Amino acid sequence: MSAATDHSLFAHGSGLRRRRRVNRAVELSSTVAALLAVAVLLIVVGSVLLKGLGALSLHFLTTPTALFGETGGGISNAIIGTAIIVAIAAAIAIPIGLLVAIYTTEFAPPRIAHPVRFVLDVLNGVPTIVTGIFVYGLIVVPQGNQSGYAASVALAIVMLPIVARTAQEVLELVPLTLKEAANALGIAHWRTTVRVTIPTAAGGLLTGALLAVARVAGETAPLLLLCSIFAPGNLTDPSQGLASIPIFIFQASESPSPTAHTEAWAAALILIAFVLLLNVVARVFYARSRQRMEG
Amino acid sequence: MSKIAEQARQLSSQQVPAGTARPQVPRRDRGNVELAGLNAWYGANHAVKGIDLGFDAGLVTAIIGPSGCGKSTMVRCINRMHEEIAGARAEGHVRLDGIDLYDPAIDVVAVRRHVGMVFQKPNPFPTMSVLDNVTAGLRLTDAGKGEIEDRGREALVEAGLWEEVSGRLKSPGAGLSGGQQQRLCIARALAVEPEVLLMDEPCSALDPVATLRIEELIGELKKRVTIVIVTHNMQQAARVADTTAFMLGGELVEVGPTERLFTNPDNERTEQYVTGKFG
């Protein structure tokens, strides 16, 4: 009883004051760090907008790059080239990545699943220039020329661990109770996977695939090695070199012409807008998918 | 075998012989389950210890006991779901109408088509409509051929859900209320026409009204399917079960007609448990 009325037990001591100071300092510094991260994005997007918007026009988007020494070209061939290269890469990496994820989460015993997961993490950390050199030796050297295919293979290798790892994480979020329900109905495991687990996780799987596409759309290093020499006339043949947005940005920014610099900014704006859009769409799918799984 | 288990076995053979218990219930010739020397482990943890127990067709049997007494594990051995958990194994015999479900020649997946299960939390498939949920067991196995949708509608009627959902068979199953979802899961289990229905604390996530609805349903369903219900709610066992079995520490302590088990148990520990002295 006496303890309850003894107010000295709850009096403000120096300990409390110190605790409050530390608390405030930690809160402030983490807030500043968060603001800095947001600021970096805003500055990048802002400066690209500021410098690129001027050169952006329908003409710029629908005209192929001007020949060397001429001005007034656009980036239509680079947009088409990037679309083709990334589409082929996605067509290779997304099915394989999903299958790897399904195997490791649904079928593989832990002693296989854990090493596979580790290998994917390592692959995710391989510098893309190394992947580029590898594909150079694998495809460009025996073929004798650079090509859109070579670029696609390199980008597929970059995408694969991203697709597989995000898919693994999403598949693991599917509640065990659903698999149990299917199991108790006498539904075979592979059928449960195809008809219950994957549909439940579909939104999240799509998110991972979109993020991987966004990640490689601006990938430059492998393209420099594999697909930076191309004939201006080749718009759609991936067996030859294809133009691409990252290579256009790189080459235009290396040029001494100020017009070319502005065009590089405009191309960068297109690239950033595409990546941001993919990220937003991916978030929407992911939010829906989570809702479904937590239902 | 321990004295208690021996006693329990005698009790079970004495007290629930064919034809004597609840004579108003029509006897069915299918769906008699018999556990003999059933043991189950999680790794080194011996969770179910040498259980001999019968579940008779046409009756509801409740399994009661404190948390961790092995009642859920025992029930999950009946449809061989226990062994799905990594490191878990079971030994002994579970006979369904004389067929040993633990015989090496038995297909585990087929066992589950004859022994249905309803879980603690309603778990409808979130991507499927009401009707697709009910027919999932027919559509996604080789068992269901022919009039799948008709069978699904019948199952919804059997689960007492038809009137509430007949207008929205194509809308998502996850959009129903908790109690409706659980009856949807019961309908899903019934659609494949099992002989036995295992219910692992089916009302623990439901409100009292939804619970009552499920309990009424159990009373109606026992005519067509043998029901084994795990519950830690003794009032629920008293309300729904013809026979009640009390488990403690992985062993079967006592089994008998529900009324007698709650009012005049033979075993001292049963009496202590049902009067609330522990658990």
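Guide: Let's begin with a term: two residues are in contact if their C-beta atoms, placed from the backbone, lie within 7 Å. This is a predicted model, where local features need pLDDT of at least 70, side-chain atom pairs count only at pLDDT 80 or more, and totals for chains, interfaces and linings use all residues. Residues are numbered from 1 along each chain as its sequence is written, while chains are lettered from A and ligands numbered from 1 in the order in which they are written.

Visitor: What share of the contacts in chain B with a separation of 6 or more joins residues 24 or more positions apart?

Guide: That share is 71%.

Visitor: How many helices and strands are there in chain B?

Guide: Chain B has 11 helices and 10 strands. These are DSSP runs, numbered from the N terminus: helices are H or I with at least four residues, strands are E with at least two.

Visitor: Which strands of chain B form the open sheet with antiparallel pairing?

Guide: There are 4 of them, in the order E2-E1-E4-E5. Two strands pair if DSSP finds at least two bridges between them. E4(B), residues 88–96, and E5(B) have 2 bridges, so they meet that cut-off and count as paired. In one of these bridges, B:Leu96 is the partner of B:Ile99 in E5(B).

Visitor: Why are E2 and E5 of chain B said to stand at the edges?

Guide: E2 (45–55) and E5 (99–100) each have a single partner strand, so one side of each is left without a neighbour in the sheet.

Visitor: What makes the pairing of E7 and E8 of chain B parallel or antiparallel?

Guide: E7(B), residues 196–200, and E8(B), residues 226–230, run parallel and are joined by 5 bridges. One bridge links B:Leu198 with B:Val228 in E8(B). Both strands belong to an open sheet of 6 strands with mixed pairing, ordered E6-E7-E8-E3-E9-E10 in chain B. Its edge strands, E6 (115–118) and E10 (251–257), each pair on one side only.

Visitor: How much of chain B counts as buried?

Guide: The figure is 51% of its 279 residues. A residue is buried if 20 or more other C-beta atoms lie within 10 Å of its own, exposed if 12 or fewer, and partly exposed in between, with C-beta atoms placed from the backbone.

Visitor: Which residues of H5 in chain B are buried?

Guide: In H5(B), residues 148–158, they are B:Gly152, B:Ala155, B:Leu156 and B:Glu158. Their arc, taken from the directions from the helix axis to the C-beta atoms, is only 160 degrees, which puts them on the same side of H5(B). They pack against H4 (130–139), H6 (162–165), H7 (178–191) and H8 (208–221) of chain B. After H5(B) comes B:Gly160, with a positive phi near 65 degrees.

Visitor: What does B:Ala187 touch, leaving aside its neighbours within four places in sequence?

Guide: Its contacts include B:Ala155, B:Leu156 and B:Glu158, along with B:Val134. B:Ala187 is also among the residues with the most contacts inside the largest nonpolar core, which has 152 residues. Such a core is a set of buried Ala, Val, Leu, Ile, Met, Phe, Trp, Tyr and Cys residues joined through C-beta atoms within 7 Å. H7(A), residues 148–173, gives the largest share of this core, 17 residues.

Visitor: How many residues does each chain bring to the contact between A and B?

Guide: Chain A brings 17 and chain B brings 22. On the side of chain A, H8(A) supplies the largest share, 6 residues.
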